[in-house]
Amino acid sequence: MSEILDLMKTRRSIRKFNAEPVAKEEIEKVIEAGLYAASGMGKQSPVIVAVTNKELRDRLSKMNREIGGWEFDPFYGAPVVLIVLADKSVPTFVYDGSLVLGNMMLEAHELGLGSIWIHRAKQEFESEEGKEILRSLGIEGDYEGIGHCVIGHFDGELPGIIARKENRVFWAE
């Protein structure tokens with residue numbers, strides 16, 4: 001099996017992280033993988049906001065939790081939140097941002113880190129509070145939140161491979 005296929009088969013969404021910090025070099029590698037994602041017409045419309053500041057991370061968690069209506073931390077204790085936003089003027093912006101998230105999760109797995117895609121970035125950054133956060137970071141333009149890739153050191157064992165469902169491929173030969 002190829003190395004990339006092995007990574008794809010063994011990567012799992014992690015829902016329990018420990019407090020161990022993630023090295024900046026590892027975060028940069030995860031981001032680099034996202035920046036090399038395919039994009040429609042090579043537009044490279046997605047941007048990544050790397051949040052390692054605990055105060056902002058906790059503020060985003062609170063916003064996400066309120067949107068979802070939960071009592072728990074929707075980032076599962078992960079210390080790093082990589083937010084993917086994409087320029088709404090690009091017709092493929094949602095797909096482009098999704099590929100960025102996928103690449104980052106695979107690279108995190110390659111580095112021995114856990115990751116999970118957390119939704120509700122769209123709602124977060126449509127809110128006035130979310131727009132203010134973006135402005136405070138110098139991000140201007142008509143961006144939509146595609147998702148959060150939260151990363152960290154997982155607490156416990158990596159879940160095993162789940163069998164794939166049958167009858168999901170149709171050939172037209």
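Modeller: Let us start with a definition: a salt bridge is a side-chain nitrogen of Lys or Arg within 4 Å of a carboxyl oxygen of Asp or Glu. Note too that this is a predicted model, where local features need pLDDT of at least 70, side-chain atom pairs count only at pLDDT 80 or more, and totals for chains, interfaces and linings use all residues. Residues are numbered from 1 along each chain as its sequence is written, and side-chain values use heavy atoms, with hydrogens and water left out.

Biologist: What is the N to O distance in the salt bridge of arginine 57 and aspartate 58?

Modeller: Arginine 57 brings the nitrogen and aspartate 58 the carboxyl oxygen, as the definition asks of Arg and Asp. Their side chains meet, and the N to O distance is 3.3 Å.

Biologist: Is arginine 57 buried or exposed?

Modeller: Buried means under 20% relative accessible area, exposed means over 50%, and partly exposed lies in between (1.4 Å probe, protein chains only). Aspartate 58, at 31%, is partly exposed. Arginine 57 has a relative accessibility of 7%, so this residue counts as buried.

Biologist: Which parts of the chain does the pair of aspartate 73 and arginine 57 tie together?

Modeller: These two side chains meet in a salt bridge with an N to O distance of 2.6 Å. Helices (H or I, at least four residues) and strands (E, at least two) are DSSP runs, numbered from the N terminus. The partners are 16 residues apart in sequence, so the pair ties together the loop between α3 and β2 (80-87), which holds aspartate 73, and helix α3, which holds arginine 57.

Biologist: Which residues are linked in a network of salt bridges?

Modeller: Aspartate 73 belongs to this network, and aspartate 73 is partly exposed at 23% relative accessible area. The linked residues are Lys54, Arg57, Asp58 and Asp73.

Biologist: How many residues apart in sequence are the parts tied together by aspartate 155 and lysine 16?

Modeller: The side chains of aspartate 155 and lysine 16 meet in a salt bridge at 3.8 Å, N to O. Aspartate 155 lies in the segment after β4 and lysine 16 in the loop between α1 and α2, so the tied parts are apart in sequence by 139 residues.

Biologist: How many salt bridges does the count come to?

Modeller: The pair of aspartate 155 and lysine 16 is a salt bridge. So is the pair of arginine 57 and aspartate 58. By the 4 Å rule, the count comes to ten.

Biologist: Which side chain of opposite charge is nearest to glutamate 144?

Modeller: Glutamate 144 sits in strand β4 (residues 143-152). Lys and Arg count as positive and Asp and Glu as negative, while His and the chain ends are not counted. Glutamate 144 is buried yet has no salt bridge, and the nearest side chain of opposite charge, 4.2 Å away, is lysine 122.

Biologist: What is the relative accessible area of asparagine 64?

Modeller: Asparagine 64 is in helix α3 (residues 54-68). Contact means heavy atoms within 4.5 Å. Beyond its neighbours within four places in sequence, asparagine 64 is in contact with several residues, among them Trp70, Phe75 and His148. Asparagine 64 is buried, and its relative accessible area is 0%.

Biologist: Why is the pair of tryptophan 70 and phenylalanine 72 tilted?

Modeller: Rings of Phe, Tyr and Trp (its six-membered ring) pair if their centres lie within 6.5 Å; planes under 30 degrees apart count as stacked, over 60 as edge-to-face and the rest as tilted. A search of the whole structure finds two aromatic pairs. In tryptophan 70 and phenylalanine 72 the ring centres are 5.6 Å apart, and the pair is tilted because the planes are at 40 degrees.

Biologist: Which residues do ring pairs link into a cluster?

Modeller: Tryptophan 70 is partly exposed, at 31% relative accessible area. Phenylalanine 72 is partly exposed too, at 39%. The ring pairs link Trp70, Phe72 and Tyr76.
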